[in-house]
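Here are some notes to read with the model open beside you. Take the points in any order you like.

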Amino acid sequence: MKHVMLFITLCLLSLSAQGQTESGVIAEGGIGNIKTKLNPSAAGAGGSYDVGYRYNLSLGYKLRLHAAKASPFFYDLEAGLGVKFYDYTFGKAPGEPATVDASAKRFSAFATGTANYTLCKGLSIGAGIQPTWYFSQNGGNSRKFDVPVIGRIAYRFKAFEVGLSYKHGLLNSLKTDCLKSGRFREYNLSLWIPF
């Protein structure tokens, strides 16, 4: 794994040495849902559950590497911190008062890599991955890791870029007393301001 990371780093450094580089602050926010599974003990008690994803926010720093001045291909590297907000309820039987009714937050640190293609002046599409480490769940010490895949479309104005993206979490990154697993699916709007 160390050799793969070293190879990727050297490739990206060679791209930045050959091409044009831009960098700046990126802010992102969005909505989504959580694909969940109930714990066997909770399911055996005939329980019902509901998880409502509210929204997410993140702030980071983006580096854009252009392979060559005339090339339509470019690469984005991003690092940042984020938070997800959601509610969940659990009841022993449908229609009965909930035995658990709570709001929760997930704090994360992430690094994103995307390969992009310019379709026409200002408009681009891209795909990539976003390794994410969740370092706080409901204020506790639960640590989880996820590697969402990302699809994005963006439009570059003179002073900033606006983007829409979809993130599809691949790994179980949510666990509570009632929930066995949860995978995040998100739709996000971003604003990148290069310096």
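Which residues does Asn188 touch, not counting residues up to four places away in sequence? Point 2 has the list, after a word on the model.

1. **What you are looking at.** This is a predicted model, in which local features need pLDDT of at least 70 and side-chain atom pairs count only at pLDDT 80 or more, while totals for chains, interfaces and linings use all residues. Residues are numbered from 1 along each chain as its sequence is written, and side-chain values use heavy atoms, with hydrogens and water left out.

2. **Asn188 and its surroundings.** Asn188 touches Glu28, Gly29, Gly30, Ile31, Asn56, Gly163, Leu164, Ser165 and Lys167; contact here means heavy atoms within 4.5 Å. Asn188 belongs to strand S10 (residues 179-194). Strands (E, at least two residues) and helices (H or I, at least four) are DSSP runs, numbered from the N terminus. With a relative accessible area of 3%, Asn188 is buried. For the cut-offs: buried means under 20% relative accessible area, exposed over 50%, and partly exposed in between (1.4 Å probe, protein chains only). The side chain of Asn188 also reaches the backbone nitrogen of Gly30 at 3.4 Å.

3. **The overall layout.** There are two helices and ten strands in the protein. Along the sequence, the pattern reads α-β-α-β-β-β-β-β-β-β-β-β. Of the 195 residues, 37% are buried. If you take contacts between residues at least 6 apart in sequence, 63% of them join residues at least 24 apart.

4. The structure holds nine salt bridges, each one a side-chain nitrogen of Lys or Arg within 4 Å of a carboxyl oxygen of Asp or Glu. One of them joins Glu22 and Arg156, with the closest N and O atoms 2.8 Å apart. That pair links distant parts of the chain, 134 residues apart: Glu22 is in strand S1 (residues 21-38) and Arg156 in strand S8 (residues 149-156). Glu22 counts as buried at 17% relative accessibility, whereas Arg156 is partly exposed at 23%. Another bridge joins Glu28 and Lys167, at 2.7 Å between the closest N and O atoms. Here too distant parts of the chain are linked, with Glu28 in strand S1 and Lys167 in strand S9 (residues 161-168), 139 residues apart. Both Glu28 and Lys167 are buried, and both are on the list of residues that Asn188 touches.

5. Glu161 forms a salt bridge with Arg64, the closest N and O atoms being 2.9 Å apart. Glu161 sits in strand S9 and Arg64 in strand S2 (residues 48-66), 97 residues apart. Are these two buried or exposed? Glu161 is buried at 3% relative accessible area, and Arg64 is buried at 2%. Both belong to a network of salt bridges that links Lys62, Arg64, Asp76, Arg152 and Glu161.

6. **Gly126.** Have a look at Gly126 in strand S5 (residues 123-129). Gly126 is buried, with a relative accessible area of 16%. Leaving out residues up to four places away in sequence, Gly126 touches Ala115, Asn116, Ile150, Gly151 and Arg152. Gly126 and Phe74 are 52 residues apart in sequence, and their C-alpha atoms are 9.2 Å apart in space.

7. **Aromatic pairs.** There are eleven aromatic pairs in the structure. Rings of Phe, Tyr and Trp (its six-membered ring) pair if their centres lie within 6.5 Å; planes under 30 degrees apart count as stacked, over 60 as edge-to-face and the rest as tilted. Phe107 and Phe135 make a stacked pair, 6.4 Å centre to centre with 25 degrees between the planes. Phe107 lies in strand S4 (residues 100-120) and Phe135 in strand S6, so the pair ties together parts that are 28 residues apart in sequence. Tyr155 and Phe157 form an edge-to-face pair, at 4.9 Å and 70 degrees. Elsewhere, ring pairs link Tyr53, Tyr86, Tyr134 and Phe184 into a cluster.

How values were computed
Polar contact = N/O pair within 3.5 Å; in protein donor to acceptor, adjacent residues only side chain to side chain.
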